[in-house]
Amino acid sequence: MSVDQLILIVEDSATQAIRLQMLLEQEGFKTVTAASGEAALEEINRELPSLIVVDYHLPGIQGDELCRQIHMDINTRGIPLLMLTADETSAAELHGLESGADDFVAKSENSEILLLRVHNLLRKSRRDSVNVEVGRSLFRRARVLIIDDSATYRESLAQELLDEGCEVTQVTTGVEGLAALDRDDFDCVMVDMVMPGMDGIAVCKALSERRAEAEAPLVVLMLSAYESKENVARALEAGADDFVGKSIEMSLLRARLRALLRRKFLLEQNQRIIEEIRLREMETLRAKAEKEAAEARAALAEGLAKANRELEEANTKLRETQVHLIQSEKMASLGQLVAGIAHEINNPLSFALSNVFTIESWLAGVLGEARGALTEPQAFKLEKARSRIVDTGQGLERVRELVVKLRTFSRLDEGEFKTIDVTDAIESVLMFLRHKMSDRIEVERQFQPDNMLACYAGQLNQVLMNIIANAVDAIEDRGRILVRTTTCDGMFVVAVSDTGCGIPPEIVERIFDPFFTTKPVGQGTGLGLSISYGIIKNHKGRIEVSSTPGEGTEVRILIPLDLKEG
Ligand SMILES: Nc1ncnc2c1ncn2[C@@H]1O[C@H](COP(=O)(O)OP(=O)(O)OP(=O)(O)O)[C@@H](O)[C@H]1O
Ligand SMILES: [Mg+2]
């Protein structure tokens with residue numbers, strides 16, 4: 001039973017400590033000693049003992065203060081405390097018990113009595129820790145049952161207890177006492193040891209059996225007129241929590257009762273607190289679980305929302321890709337159609353053009369050779385015919401230009417890949433367009449020192465032509481065109497800005513569409529930018545446009561400097 005039970009001995013006298021240690025270890029207990037209250041608290045921190053034997057007189061913290069400190073801590077308040085007192089005066093006993101110890105023993109007392117009290121306290125603490133009733137009011141009057149055949153003693157004891165603030169029930173026999181215990185709930189039974197019929201020892205044994213059945217904890221105080229060592233031993237062995245001689249002073253009896261009840265109430269309270277802590281812990285766990293569930297739900301919702309967003313994005317991308325595919329499909333078939341038409345037009349156009357030139361030269365010849373032989377109206381008609389055929393030739397020339405553009409539009413991947421000086425290309429384009437600018441447009445050039453670029457030269461020419469021609473077209477009267485070359489982030493940049501009419505924001509999106517033009521019929525085909533876009537894309541570059549209506553436009557073409565053929 002005592003195996004593994006640790007008893008802490010708090011004793012400043014080394015001899016006394018060793019004596020106690022030997023006594024308790026012979027009984028099978030493990031012991032640990034502390035020479036002061038402070039050292040005792042450290043020991044308790046290290047390992048919780050099953051019982052503490054405290055000397056009342058200690059250096060530093062006194063024994064009673066140590067008891068109070070131990071009672072104040074929720075973890076240690078259940079440890080039974082046995083106080084050792086040096087002298088046997090009632091006042092000292094009283095003091096020891098008032099300090100909050102659960103029992104006391106005089107140092108001079110027989111060691112058997114000490115062991116009995118130790119076992120008794122340990123038994124009680126085990127029992128009480130499982131049986132303490134939960135839910136009773138914290139502040140209540142103690143209910144005491146007195147079982148005694150002596151009316152005089154019963155009455156005077158009852159009076160003492162009433163003065164102490166207890167609720168008192170009196171019975172005269174053991175049988176009546178057990179019946180009363182069956183009916184009502186009591187905190188303490190004070191039973192006379194010697195009674196006719198069922199004596200105090202028998203009552204104690206009956207109560208011990210009930211305790212074994214896990215009934216409510218009950219403090220049992222054995223009273224006896226015969227205060228012998230044997231009687232104390234018999235009473236404690238029968239299960240009594242304490243033994244009191246009837247000759248004892250009433251104040252000491254009350255003190256002993258108080259100590260017993262305090263311990264009982266303390267354990268009740270302990271149990272209540274533990275239960276409350278358990279409930280709170282459960283509440284905390286429940287709240288935590290709820291919080292986690294809510295967080296999980298939120299995370300799930302968040303995840304779903306994210307997945308939805310991603311799906312939407314993927315969907316949008318798919319649609320965009322689809323539109324692009326349709327667009328390029330359309331462009332491809334448009335290209336085929338345009339190439340076919342251009343081809344069909346090209347043959348008749350060639351002979352029509354060559355015939356027109358032939359006819360015009362013949363007419364010029366006839367007019368020169370036979371001018372004198374012709375009448376005025378004949379000469380006039382021939383002259384007219386010649387001028388009409390020249391007009392026809394110009395018209396057919398424009399058709400040819402259109403056919404060339406259409407063919408370029410449909411065959412973007414053709415052309416020679418080589419390294420050129422871009423400024424040469426710009427200059428040739430400017431020269432080509434000079435007649436359209438005459439002196440109404442001032443051209444400014446800002447070229448970087450090195451302008452060599454590997455590209456499809458013919459195609460780049462065409463882009464420059466389209467963009468500079470657009471700038472010229474945009475300037476209605478007088479104005480200025482600035483052509484710059486720079487390098488930016490590994491890209492060759494040609495920027496053409498004009499002081500022209502600018503592009504209204506609502507059409508900016510459409511200027512790269514094939515056949516989109518704002519120019520009068522016969523002046524613009526609307527293919528310039530769409531062809532340029534295709535060419536620059538083919539060069540892995542891009543075209544940027546910024547424009548302010550009424551102020552002008554800047555078009556930038558960007559081509560990678562490290563472009564490779566293919
Ligand atoms: N620099 C510019 N300033 C103002 N508007 C411009 C400029 N460049 C292009 N645009 C607008 O973009 C339209 C499309 O240009 P794009 O070069 O594709 O065709 P176009 O010039 O009309 O005809 P084409 O070039 O085939 O003779 C033009 O009609 C014009 O409205
Ligand atoms: Mg154009």
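Trainee: Which residue in S14 stands opposite Ile-441?
Mentor: Gly-479 in S14 stands opposite Ile-441. Keep in mind that the model is predicted: local features need pLDDT of at least 70, side-chain atom pairs count only at pLDDT 80 or more, and totals for chains, interfaces and linings use all residues. Residues are numbered from 1 along each chain as its sequence is written, while chains are lettered from A and ligands numbered from 1 in the order in which they are written.

Trainee: What do the labels S and H stand for?
Mentor: Strands (E, at least two residues) and helices (H or I, at least four residues) are DSSP runs, numbered from the N terminus.

Trainee: And in which sense do S12 and S14 pair?
Mentor: In the parallel sense, over 6 bridges. Two strands pair if DSSP finds at least two bridges between them.

Trainee: What about S14 and S15, how many bridges there?
Mentor: 8 bridges join S14 to S15, and those two run antiparallel. One pair is Thr-487 with Phe-492 in S15. The hairpin of S14 and S15 has 2 residues between the strands, and Asp-489 takes a positive phi near 50° there.

Trainee: What is the strand order in the sheet?
Mentor: S12-S14-S15-S17-S16, in an open sheet of 5 strands with mixed pairing. Strand S12 (441–446) and strand S16 (542–548) each have a single partner strand, so one side of each is left without a neighbour in the sheet. The twist averages 15° from one strand to the next.

Trainee: How many bridges link S16 and S17?
Mentor: 7, and the pairing is antiparallel. Val-545 stands opposite Val-555 in S17.

Trainee: Which strands does H13 lie across?
Mentor: H13 lies across S12, S14, S15 and S17, running at about 20° to S15. H15 packs on the sheet too, touching S16 and S17, and its direction makes about 135° with that of S16. Angles run from 0 to 180 degrees between N-to-C directions, and axes are lines fitted to C-alpha atoms, for helices over the stretch in contact.

Trainee: At what angle do H13 and H15 pack?
Mentor: About 145°, with their axes 9 Å apart. The contact uses, among others, Gln-459, Val-463 and Asn-470 of H13 and Gly-528, Ser-532 and Ile-536 of H15. Two residues are in contact if their C-beta atoms, placed from the backbone, lie within 7 Å.

Trainee: How do the contact residues of H13 with H15 divide by class?
Mentor: There are 7 nonpolar, 6 polar and no charged. Ala, Val, Leu, Ile, Met, Phe, Trp, Tyr, Cys and Pro count as nonpolar, Asp, Glu, Lys and Arg as charged, and the others, Gly among them, as polar.

Trainee: Is H15 largely enclosed or open?
Mentor: Largely enclosed by the rest of the structure, because 8 of its 11 residues are buried. Gly-528, Tyr-533 and Ile-535 are among them. Buried means that 20 or more other C-beta atoms lie within 10 Å of the residue's own, exposed means 12 or fewer, and partly exposed is in between, with C-beta atoms placed from the backbone. Just after H15, Lys-540 takes a positive phi of about 60°.

Trainee: Switching to ligand 1: which residues come nearest?
Mentor: Ala-474, Thr-517, Gly-524, Gly-528 and Leu-529, out of 22 residues around ligand 1. A residue is near a molecule or strand if its C-beta atom, placed from the backbone, lies within 6 Å of it.

Trainee: Which element gives the largest share of that shell?
Mentor: H13, with 4 residues. By class, the shell has 8 nonpolar, 12 polar and 2 charged residues.
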